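User: Can you walk me through some helix packing and ring contacts here? Start with the terms.

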Amino acid sequence: MKLFYTPNSPYARIARVTALELNLGDRIEMHKVAVRDPNSDLLHYNPTGKVPTLATDDGFILSESRIICVYLNHFNPEIKVVADISNGFLQQLEGIAGGFIDGIAVWVRELRRPLTEQSPGVIELELTRTLRILNYFEKISEKLDQTPKLAHITIASALGLESRLPQLQWRQNYPKLAQWYDEFSGRPSFQLTKPES
């Protein structure tokens with residue numbers, strides 16, 4: 001299998017962390033690629049040009065983090081990373097975590113645009129959404145353990161974008177979540193997939 005990624009993509013990081021947590025490092029070739037490049041090797045595999053992209057040994061091309069993680073979990077089912085129907089709380093948490101990382105990604109992309117092209121309405125919407133979800137995570141922080149589940153990996157990958165959103169300053173207002181994140185992000189899988197500076 002080949003996993004195409006960029007070092008700074010939080011979505012690719014979710015797939016990379018999951019692969020490591022499932023002990024599949026020796027079964028997956030990691031390919032660092034460029035995105036938004038018309039000459040990228042990635043486009044030979046995935047016409048969307050998005051990471052992560054997984055080329056399976058069966059010749060299929062999988063994209064979107066959760067789809068890839070579900071597929072990878074099949075190779076080591078004893079470690080249940082992806083929530084199934086037997087755990088309603090984790091399914092709920094996966095959905096909220098997905099919305100959390102999507103909102104933060106939109107916010108970060110908006111801030112990358114020239115100041116004259118940024119939408120204050122989009123920034124305000126994503127700030128409001130982020131704070132609402134951070135409040136939720138802080139309230140349920142006692143239910144967040146250190147088990148590497150997809151929901152936890154997604155939350156930590158989103159919080160790992162804090163250096164790109166210095167104006168958020170979330171740690172001081174959400175101390176329980178910050179404590180959970182600091183411990184969880186110390187896992188070897190997170191240390192090995194740190195974004196590039």
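Analyst: Axes are lines fitted to C-alpha atoms, for helices over the stretch in contact, and angles run from 0 to 180 degrees between N-to-C directions. Helices are DSSP runs (H or I, at least four residues), numbered from the N terminus. This is a predicted model: local features need pLDDT of at least 70, side-chain atom pairs count only at pLDDT 80 or more, and totals for chains, interfaces and linings use all residues. Residues are numbered from 1 along each chain as its sequence is written, and side-chain values use heavy atoms, leaving out hydrogens and water.

User: At what angle do H4 and H6 pack?

Analyst: About 80 degrees, with the axes of H4 (residues 120-139) and H6 (residues 175-184) 8 Å apart. The two are therefore roughly perpendicular (65 to 115 degrees).

User: Which residues make the contact?

Analyst: Leu134, Phe137 and Glu138 of H4 meet Pro175, Lys176 and Leu177 of H6 (heavy atoms within 4.5 Å).

User: New topic: how many aromatic pairs?

Analyst: Seven in the whole structure, counting Phe, Tyr and Trp rings (for Trp the six-membered one) with centres within 6.5 Å; planes under 30 degrees apart are stacked, over 60 edge-to-face and the rest tilted. The rings of tryptophan 170 and tyrosine 181 have centres 5.9 Å apart and planes at 75 degrees, so that pair is edge-to-face.

User: Is tryptophan 170 buried or exposed?

Analyst: Tryptophan 170 is buried, at 4% relative accessibility (buried is under 20% relative accessible area, exposed over 50%, partly exposed in between, with a 1.4 Å probe and protein chains only). Tyrosine 181 is buried at 8%.

Conventions:
Parallel < 35°, antiparallel > 145°, perpendicular 65-115°, else oblique.
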